[in-house]
Amino acid sequence: MENVTGWGSSEIASGSEQLAAIAQARAAAADRLTTPWWYHPTLGLLCAAYVPAVSFGAAAWRAVAVVLFVCAGAALVQAYRRQTGVWVSGFHRGRSRRWAIATSLLLGLTVAGGLATAQLTDRGWVVWLLSAVAFVGVNAFGRAYDAALRADLRARP
Amino acid sequence: MTEVFDEIVHAPNRLKICAFLDAIDSAEFSVLRDMLGVADSVLSKHVKALQDAGYAEVSKPTGQGRVKTWVKLTPRGRRAYADHVAALKRLFEH
């Protein structure tokens, strides 16, 4: 038996089961994506330390700070993978992507602001303020990212 | 109808593997096994089928203690899965 689209009723039933299976797998992924409690605070601390590290000091020290930041970030990713058994790129499609972009922008702006402040003014406290903003922002945006990603995954495929 | 569905992706367990991996980026073997609720050998067979089709990559990163197997979709696998889902959705458009 076929409907007007040419699809048979058994094919439609099979298709319905397939869509249900996809939704089930995506919901399982959403359930699995429980970020360890230490992940965002640690990432926030890394970013907060990165802002003054690249803002103050000579160019050689900045280069060391960049290398340390990248290595620490990679170690954090490995720890996340080991604990959860999954990994999601921050720039996955969907609403969560906006939070990943916002976090990147926040880090870029706080680093640029800190660098400009330290190089052009003697207001060192502004750099520390930007460092605190980076810590709070990374934590807040990270949690918003998690919530948006789980909602994306539970939405229709 | 069958010509628009991807036969590799179509099998129920492989469809779930693809849906799970498409939702995230990569997963450890035991996570996929628990998600499907199947034995290691069954999952291995499906992962091998996806690998043979060029739809999945398997890696075993070393230097982290016990070696674990990680699975991810290739760009070709993501496209095949997306096309399959698009075909499924078309089924219900009318």
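Contact here means heavy atoms within 4.5 Å, and by that rule the contact between the chains takes 29 residues from chain B and 31 residues from chain A. This is a predicted model, in which local features need pLDDT of at least 70 and side-chain atom pairs count only at pLDDT 80 or more, while totals for chains, interfaces and linings use all residues. Residues are numbered from 1 along each chain as its sequence is written, chains are lettered from A in the order in which they are written, and side-chain values use heavy atoms, with hydrogens and water left out.

**Chain B in outline**

- Chain B has 5 helices and 3 strands, where helices (H or I, at least four residues) and strands (E, at least two) are DSSP runs numbered from the N terminus.
- Read from the N terminus, the elements of chain B follow the order α-α-β-α-α-β-β-α, and its C-alpha atoms fill a box of roughly 55 × 25 × 20 Å along the principal axes.

**The interface between chain B and chain A**

- Chain B and chain A bury about 2700 Å² between them, with 64% of it on carbon and sulfur atoms; buried area is the accessible area (1.4 Å probe) that two parts lose on being put together, summed over both.
- On the side of chain B that touches chain A, at least two residues each come from α2 (12–23), β1 (26–28), α3 (29–36) and α5 (75–91) of chain B, and α5(B) gives the most, with 8 residues.
- The residues on that side of chain B divide into 17 nonpolar, 5 polar and 7 charged, where Ala, Val, Leu, Ile, Met, Phe, Trp, Tyr, Cys and Pro count as nonpolar, Asp, Glu, Lys and Arg as charged, and the others, Gly among them, as polar.
- Across the interface of chain B and chain A there are 0 salt bridges, a salt bridge being a side-chain nitrogen of Lys or Arg within 4 Å of a carboxyl oxygen of Asp or Glu.

- An open sheet of 4 strands runs in the order β1(A)-β1(B)-β3(B)-β2(B), with antiparallel pairing, and two strands pair if DSSP finds at least two bridges between them.
- The edge strands, each pairing on one side only, are β1 of chain A and β2 (56–59) of chain B.
- Where the chains meet in this sheet, strand β1 (residues 86–87) of chain A and β1(B) pair in the antiparallel sense over 2 bridges; A:W87 has B:S26 as its bridge partner, and A:V86 stands opposite B:A27.
- Within chain B, β1(B) and β3(B) pair over 3 antiparallel bridges, with B:S26 opposite B:K72, whereas β2(B) and β3(B) pair over 4 antiparallel bridges, with B:V71 as the bridge partner of B:V58.
- Helix α3(B) lies across β1 of chain A together with β1 and β3 (70–73) of chain B, and runs at about 85° to β1(B); axes are lines fitted to C-alpha atoms, for helices over the stretch in contact, and angles run from 0 to 180 degrees between N-to-C directions.

**Salt bridges**

- Over all chains the count comes to 7 salt bridges, and one of them joins the side chains of A:D152 and A:R95 (3.6 Å, N to O).
- Because A:D152 lies in helix α5 (residues 124–154) of chain A and A:R95 in helix α4 (residues 95–120) of chain A, the pair ties together parts that are 57 residues apart in sequence.
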